[in-house]
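Have a look at the model first, then work through the points below.

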Amino acid sequence: MKAADILAIQTLLESPKKIVIIPHRNPDGDAMGSTLALFHYLKLYQHEAVVISPNEFPDFLSWMPAANEVLVYEKNKAHCSKIIQEAALIFTLDFNALHRTGEMEQVLKTVKAPFILIDHHEKPDNFAEFTFSDTSYGSTCEMIYDFIEVLGDKAKLNTNIATCIYTGILTDSGSFRFPKTTGRTHRIVGELIDLGVENSKIPELLFDNSSFDRLQLMGRAFQNMKVFPAQKATYTYLTQADLDEFHYQKGDTEGIVNYGLSIQGILFTAIFIEHRDENLVKISFRSQGDFNVNEFARAHFSGGGHINAAGGKSEDSLPNTLKKFEELLAQFTQS
C-alpha cells in the first residue's frame, strides 16, 4: 500500500468506530480466517467491530475464535442492513467485486462509509477508497498479517489473531503445496506457531471431521469423473439428486475438485454441482502450471479467481453445461 494510504488508515483507526468486516458469499477458510483475524485486531482498539457473512459458513470452521459472533446476512437481513448502514468504515476481505456478496451487494452500494479492500484476486473493481490488492500473495490471511505489520502493530499479534491467520494460510495454500507458498509464508507460519497456534490440531479440525454421508458424496463424485488424456484434463459432477441422497451440508463438497489433479499427468480439472434451488450449476476449476483457469472461467462461465484456482457458474442445465465444457476441451490440447 502507498504510504499516504497507510497514514490515512491509521488516522481512521485511531479512535473507536463502528466497523463492519465482510467476507465473500460461501466463505472458505481464508475468508473467515482473514475477517476474524481483523475482528480480533480491531477489538484491541475498542472498535465496535462486526463480521457479517453473506450466508452461512461451513461447520468445519465453526471452532475458530469468535466464529460464534459472526452475523449471517441471509438469516436477518434487516438487522444486518442496519448495522452496515450505520458503519463508519467497511472492510471487504478476500473478494474483489461487490457482486461476490450476493444479495448484500444492493445494501453495500448505498452506504456512504469508506471501504477498505484487502484481497489477492485479479482485477479488483474500483469500489474501495483504499485498496490493498496483490495477486502474488497465496492468501488474504497472509495479507492481513502484513497489513497489521505495516500499521506498526506486529507486537499486538496474539493467539486468536494468529490462529485465524494460520487457518487461512493453511487452507488457501493447499496445506502449503500451492506455488504461491513462499519461504516468507513459512517464516510467518513459524511466528504464528510461536504465538500459540495449535498447528497439529487445526488440520484435524479442518480436514478430519467428515461425516459418513460426506464420504459417500465424495465417492459419487469419483464415480462420475471423466478423464480426457489428450487435453490432460478431468471433470466430475454432482447432481441435485446426489446432494439430496447424501444429505448435503454446506462445505461437504469443499476440496473435491482438487482430486482431479492428483491423477498422473492431469493439468486441468473441474467440478460441476447442480443447485436447483438457485437454478444454477456452480463450478470450480483447478490447474497446475501455466494453464490459466481464471481466464477460462471469465471467458466461458461468468467467473474468475486465480491463475490456478477459479470459480464459475452456469444458468443452463447440468447436461448442457457439461456438454459445453467438453466442447471447449476439444478445442485445445495440452503440451
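A residue counts as exposed when its relative accessible area is over 50%, and as buried when that value is under 20%. Please keep in mind that this is a predicted model.

**Helix H6**
- Helix H6 runs over residues 159-172, and its 14 residues should span 20 Å at 1.5 Å a residue; the end C-alpha atoms are 20 Å apart, which agrees.
- Because 11 of its 14 residues are buried, H6 is largely enclosed by the rest of the structure.
- Among these buried residues are Ile161, Cys164, Ile165, Tyr166, Leu170 and Asp172.
- The cover over the buried residues of H6 includes helices H2 (29-43), H5 (140-150), H7 (183-194) and H8 (202-207).

**The two ends of H6**
- At the start of H6, asparagine 158 brings a side-chain oxygen to within 3.2 Å of the backbone nitrogen of asparagine 160.
- Just after H6, glycine 174 adopts a positive phi of about 60 degrees.

**Helix H9**
- Helix H9 covers residues 212-223; at 1.5 Å a residue its 12 residues should span 16 Å, and the end C-alpha atoms are 17 Å apart, which agrees.
- The buried residues of H9 are Arg214, Leu217, Met218, Arg220 and Ala221.
- They cover an arc of only 155 degrees around the axis, so they lie on the same side of H9.
- Strand E8 (233-238) and helix H10 (240-245) are what the buried residues of H9 pack against.
- Phe212 and Gln223, on the other side of H9, are exposed.

How values were computed
Residues numbered from 1 in each chain as written. Predicted model: local features only at pLDDT ≥ 70, side-chain atom pairs only at ≥ 80, totals over all residues. Heavy atoms only, no water. Helix = DSSP H or I, 4+ residues; strand = E, 2+ residues; numbered from the N terminus. Expected span 1.5 Å × (residues − 1). Buried < 20%, exposed > 50% of the residue type's maximum accessible area, 1.4 Å probe, protein only. Contact = heavy atoms within 4.5 Å. Polar contact = N/O pair within 3.5 Å; in protein donor to acceptor, adjacent residues only side chain to side chain. Arc of directions from axis to C-beta.
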